[in-house]
Amino acid sequence: MNSAKHDRVRGFTLLELLIALAIFGLLSVMSYSGLKTVMDQHSLTDAAADRLGEMQKLYLVMQRDLEQAVPRAIRSEYGDTEPALVGSEVLQFTRGGWRNPLARPRSSLQRVGYAFEDEELVRYSWQVLDRAQDSLPQKQPLTAAVSDMTLRYLSPAGKWSATWPDEEAAALQGGVDSKTDTLPKAIEITLEHDRFGELVWLFRLPQ
């Protein structure tokens with residue numbers, strides 16, 4: 001009778017306890033490894049989505065500006081006439097559609113530009129078209145993930161050029177050395193992205 005009662009209350013032996021702990025530890029390691037893989041993949045997916053979202057925003061900003069380019073030359077801070085669009089490694093042009101929700105006494109046209117500053121692609125914008133010497137641009141950092149930008153300009157005759165105005169555009173206004181309000185038909189922008197590699201964007205300009 002005492003033997004049967006003793007059998008019913010007998011606990012785990014030390015060996016059984018060690019085996020149970022070893023199995024539990026193995027399962028914990030397997031579960032943690034699986035969870036860590038899922039978390040790492042989630043982090044990579046979020047990072048990729050952030051990079052893609054940043055480039056989509058950059059594309060939309062450039063598209064909005066270039067599709068509203070207008071043939072309006074300006075006066076620089078030194079009193080010199082600058083073409084409606086001037087570009088080589090730096091792009092600068094006049095655009096329309098500048099919203100004015102506060103109804104301020106200003107034009108709906110705006111001078112904007114794109115260039116690299118401190119290894120970062122930056123958008124510039126001026127509050128006035130014909131600038132004084134104290135007319136400083138506002139700077140909007142766009143992305144540091146782009147390491148290089150190459151520009152090409154398609155002339156009305158269908159020829160590509162690395163600079164604008166080119167000789168053809170200047171000739172339309174009376175000579176190679178003259179300033180011009182002629183816009184290119186399109187601009188090809190090639191960006192070198194740290195993650196996505198080479199990106200080629202083509203924007204058509206209004207004629």
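Trainee: Which residues form one aromatic cluster here?

Mentor: Tyr59, Trp201 and Phe203 make up one aromatic cluster. Keep in mind that this is a predicted model.

Trainee: How many aromatic pairs does the structure hold?

Mentor: Four aromatic pairs. One of them is Tyr59 with Phe203, a tilted pair at 5.1 Å centre to centre, with 35° between the planes.

Trainee: Where do Tyr59 and Phe203 sit in the chain?

Mentor: Tyr59 is in helix α2 (residues 14-66), while Phe203 is in strand β11 (residues 197-204). They are 144 residues apart, so the pair links distant parts of the chain.

Trainee: And what about Trp201 and Phe203, how is that pair arranged?

Mentor: Trp201 and Phe203 are edge-to-face, 6.4 Å centre to centre with 85° between the planes.

Trainee: Is that pair buried or exposed?

Mentor: Both Trp201 and Phe203 are buried.

Trainee: Why does Phe203 count as buried?

Mentor: Because its relative accessibility is 2%, and the cut-off for buried is under 20%. Tyr59 has a relative accessible area of 29%, so Tyr59 is partly exposed.

Trainee: OK, new topic: charges over rings. Which ring does Arg131 lie over?

Mentor: Arg131 lies over the face of Trp126, 4.4 Å from the ring centre.

Trainee: And Arg152?

Mentor: Arg152 lies over the face of Trp160, at 4.4 Å from the ring centre. Arg152 also turns up among the contacts of Ser161.

Trainee: Where is Ser161, then?

Mentor: Ser161 is in strand β9, which covers residues 160-161. Ser161 counts as buried because its relative accessibility is 15%.

Trainee: What does the side chain of Ser161 reach?

Mentor: The backbone oxygen of Thr163, at 2.9 Å. Setting aside neighbours within four places in sequence, Ser161 is in contact with Arg152, Tyr153 and Asp166.

Trainee: Zooming out, how many helices and strands are in the chain?

Mentor: Three helices and 11 strands. Starting at the N terminus, the elements run α-α-β-β-β-β-β-β-β-β-β-α-β-β.

Trainee: What share of the chain is made up of buried residues?

Mentor: Buried residues are 31% of the 207 in the chain. As for surface, the chain exposes about 13400 Å², and carbon and sulfur atoms supply 56% of that.

Trainee: Last one: what share of the contacts with a separation of 6 or more comes from residues 24 or more positions apart?

Mentor: Those account for 51% of such contacts in the chain.

Notes: Residues are numbered from 1 along each chain as its sequence is written. This is a predicted model: local features need pLDDT of at least 70, side-chain atom pairs count only at pLDDT 80 or more; totals for chains, interfaces and linings use all residues. Side-chain values use heavy atoms; hydrogens and water are left out. Rings of Phe, Tyr and Trp (its six-membered ring) pair if their centres lie within 6.5 Å; planes under 30 degrees apart count as stacked, over 60 as edge-to-face and the rest as tilted. Helices (H or I, at least four residues) and strands (E, at least two) are DSSP runs, numbered from the N terminus. Buried means under 20% relative accessible area, exposed over 50%, partly exposed in between (1.4 Å probe, protein chains only). A charge sits over a ring if NZ of Lys or CZ of Arg is within 6 Å of the ring centre and within 35 degrees of the ring normal. Contact means heavy atoms within 4.5 Å. Accessible areas come from the Shrake-Rupley method with a 1.4 Å probe; for residues, only the protein chains shown count as cover. A polar contact is a pair of N or O atoms within 3.5 Å; within protein, one must be able to donate a hydrogen and the other to accept it, and residues adjacent in sequence count only if both atoms are side-chain atoms.
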